[in-house]
Amino acid sequence: MTELKYIYATRAAEGTIRPDPAQEAVLPEFERIRRELAAPPPKRGLFGLGSKKPPEPVRGLYLWGGVGRGKSFLMDLFVAHVGVPRRRVHFHAFMQEIHAGLNEARKAGASDAVVPVADKVADEVRLLAFDEMTITDITDAMIVGRLFERLFERGVTVVTTSNRHPDDLYKNGLNRQLFLPFIEEIKARLVVHELVSPTDYRQDRLAGSQVYFHPADAAAREKIDAIWHEMTGAPRNRDTAPTKAGRMAEERHRSGEELVLRIKGRDVVIPRFRNGVGRASFWDLCGAMLGPGDYLAIAEAVRVLILEDVPRLGMEKFNEAKRFVTLVDALYEARVKLIVSAADEPERLYLDGTGSFEFERTASRLREMQDRSWGAGPD
């Protein structure tokens, strides 16, 4: 079994990645987890008989740090070379699945709905790899502790990335004191490692690149496809996906999966999402009846948003234009990198009618957000 540090070094020598001491420093932790997962579980009881209690999970990893430092890349490298049943999923998407499972379990009369839902996950995997763990929703905060406690009881190992230290999860959230035991459980079960790198690779990939394309034609789509692949693409390792289901899962992972944000009882959908990069059409986000709270949640969930096919706007699209203004404001305030294909230049998207004067600020912001340094400030 080739160690991860050698796989990393090979890619660096090939020029497919840029070597980074901060990234190299965390590879031994990933290698430890991979090695311990590959080892046979310890036998229990006399002659290996007796207790059927699942083995203790391998101590996992909580990798946190600024955006674009390579956390997701390192986790993907690790997951691709782990030989046990595993799943890599964005934390938001995982929690949506858990909520759906809880609803079904309650309908079936489960006295503790968390148990069958967690057990179903534990029956399928030994390793859960979460991208971008964050807790902003009180319903997530109230169940996540019990959920993870059960997963750990069943021997599931957890590896996760986050932009926040565990102590800052659900910071200032409602009834946060009820959430604090989960933070202590995370720190006890996972090694907490900060990835401190001076380089923001996500911004570096876009530095000097065009991020606003007009008109929104086939040529624009081809260029945006190239950006999407550059920012989210990861080479498939077919040897680690021996089953058809495994290959299909990795293909979905590569192309991006739907991200569903649960906001005040409603679902807000980003059709394609991977490694903090969201991709949607204007009509996905501005044609739907979304409001400021929805756009703030989107700005919280993504670090880069690709928004395609913005049309010319006017009185006949007044509501859609208002939503677009609100979306841009939310992304601007959160310093989210925005990549756009549109019918025309920003100043020519909304020329006449009520709202055209107010749109001048949006056009100005769209220009500012094209600057190579946009989004590179403090997170």
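User: Is the crossing of H5 and H6 left-handed or right-handed?

Analyst: A crossing is left-handed if the near helix is turned anticlockwise from the far one by less than a right angle, and right-handed if clockwise. Here, the crossing of H5 and H6 is right-handed. Keep in mind that this is a predicted model, where local features need pLDDT of at least 70, side-chain atom pairs count only at pLDDT 80 or more, and totals for chains, interfaces and linings use all residues. Residues are numbered from 1 along each chain as its sequence is written, and side-chain values use heavy atoms, with hydrogens and water left out.

User: At roughly what angle do the axes of H5 and H6 cross?

Analyst: Axes are lines fitted to C-alpha atoms, for helices over the stretch in contact, and angles run from 0 to 180 degrees between N-to-C directions. Angles under 35 degrees count as roughly parallel, over 145 as roughly antiparallel, 65 to 115 as roughly perpendicular and the rest as oblique. Helix H5 (residues 114-124) and helix H6 (residues 138-153) have axes that come within 9 Å and cross at roughly 45 degrees, so H5 and H6 are oblique to each other.

User: Which residues of H5 and H6 meet?

Analyst: Contact means heavy atoms within 4.5 Å. On the H5 side you'll find Val-114, Val-115, Ala-118, Asp-119, Val-121 and Ala-122, and they meet Arg-146, Leu-147, Arg-150 and Leu-151 in H6. To sort them, Ala, Val, Leu, Ile, Met, Phe, Trp, Tyr, Cys and Pro count as nonpolar, Asp, Glu, Lys and Arg as charged, and the others, Gly among them, as polar.

User: How do the axes of H12 and H13 cross?

Analyst: Read this pair the way you read the last one. The axes of helix H12 (residues 292-301) and helix H13 (residues 318-334) come within 9 Å and cross at roughly 40 degrees, so H12 and H13 are oblique to each other. Their crossing is right-handed. H12 contributes Pro-292, Tyr-295, Leu-296 and Ala-299 to the contact, while H13 brings Arg-323, Thr-326, Leu-327, Ala-330, Leu-331 and Ala-334. Those residues divide into eight nonpolar, one polar and one charged.

User: Is Asp-329 buried or exposed?

Analyst: Buried means under 20% relative accessible area, exposed over 50%, partly exposed in between (1.4 Å probe, protein chains only). Asp-329 sits in helix H13 and is buried, with a relative accessible area of 16%. Not counting residues up to four places away in sequence, Asp-329 touches Arg-361 and Arg-365. Across the protein chain, buried residues make up 50% of the 379 residues.

User: What is phi of Asn-175 and of Asp-309?

Analyst: Phi of Asn-175 is near 55 degrees, a positive value in a residue other than glycine. You'll find Asn-175 in the loop between strand E4 (157-162) and helix H7 (180-189). Phi of Asp-309, in strand E10 (residues 304-310), is near 65 degrees, again a positive value in a residue other than glycine. Asn-175 is partly exposed at 34% relative accessible area, and Asp-309 is partly exposed at 37%.

Key:
Helix = DSSP H or I, 4+ residues; strand = E, 2+ residues; numbered from the N terminus.
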